[in-house]
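Please look over the sequence and the structure below before reading on.

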Amino acid sequence: MDSTWAVVTGASSGLGVAFAHRLASEGANVVLAARSEDRLEQVAAELRSRHGVRTRVSPVDLSSPEGRAGFVEEVSRTPVSHLINNAGFGTLGEFADIDPARVTQELELDVVALTELSRAVTPGMVSRGRGAIVNVASTAAFQPIPGMAVYAAAKAYVLRFSCALWDELHATGVRAIALCPGPTQTAFFANAGNSEVMGRRRTPEQVVDTAWAGLKRHRPYTVDGLGNWGLALTAGLAPVRLQTLISRGIVSR
């Protein structure tokens, strides 16, 4: 991978850091993107010291169309081996009470930025006949979630988009997968508004292991954790009223 680069968004903490270390451990040079330049520099130094790879730091607000435009253009000109679309956030609360600006930011980051970056790397991957796109969705993608309405809808988009992309790219040598973790040991819930929600959580390293296993098996999507697989498989079988009743109860715990 000496002449190619892996791109990781949301790379300043949590899953992004775990993905960056996995890629670097396999010899990939890594582009790290997130808002916090100081934290990105720390992660980059860790990757160089531990794995001996090259790194590039891109402090960027991917929820801003103006802010991410230059980064998307940069990525389109880079020979990318892996794109990890990990950046995203959710918001806890009733839709009518949420700041409209935050709703727009959430969709710009969780949906639009992910789509634009996927489009930026796909032609180059196809021309080289290899590459991988990992889009971080969520178990929230499998049912509507009152109290996290926008997040669940955004992740449903990520799941469906990734599955369609998987099919389009299937014969090209390029792999695409939606990764659907459940609650994970990251700052996600603190940022969403309640750090106490869903206390039983998987580690970022476990989630990355699941992503790599799914890529190896050429799956269109994969769910992290056996219990989460069960919930995902049964969610669509229940009537919508029951789905919303159960999901609202889980979020409000």
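A residue is called buried when its relative accessible area is under 20%, exposed when it is over 50%, and partly exposed in between, using a 1.4 Å probe and protein chains only. The model is predicted, so local features need a pLDDT of at least 70 and side-chain atom pairs count only at pLDDT 80 or more, while totals for chains, interfaces and linings use all residues. Residues are numbered from 1 along each chain as its sequence is written, and side-chain values use heavy atoms, with hydrogens and water left out.

Helices (H or I, at least four residues) and strands (E, at least two) are DSSP runs, numbered from the N terminus.

Strands count as paired if DSSP finds at least two bridges between them. Strand β4 (residues 80–85) runs parallel to β5 and is joined to it by four bridges, and Leu83 has Ile133 as its bridge partner in β5. Strand β6 (residues 174–180) also runs parallel to β5, with six bridges joining the two, and the bridge partner of Ala132 in β6 is Arg175.

The path from β5 to β6 includes helix α5, and β5, α5 and β6 make a right-handed β-α-β unit; right-handed means that, with the strands pointing away from the viewer, the path from the first strand over the helix to the second runs clockwise. Residues of α5 that are buried include Val150, Leu159 and Trp166.

The last topic is charge. Side chains of opposite charge can pair when their charged atoms come close. A salt bridge is a side-chain nitrogen of Lys or Arg within 4 Å of a carboxyl oxygen of Asp or Glu, and the structure holds seven of them. In one of these, Arg202 pairs with Asp224, the closest N and O atoms being 2.9 Å apart. Arg202 lies in the loop between α6 (188–192) and α7 (204–216) and Asp224 in the loop between β7 (221–223) and α8 (226–235), so the pair ties together parts that are 22 residues apart in sequence. Arg202 is partly exposed, at 27% relative accessible area, whereas Asp224, at 0%, counts as buried.
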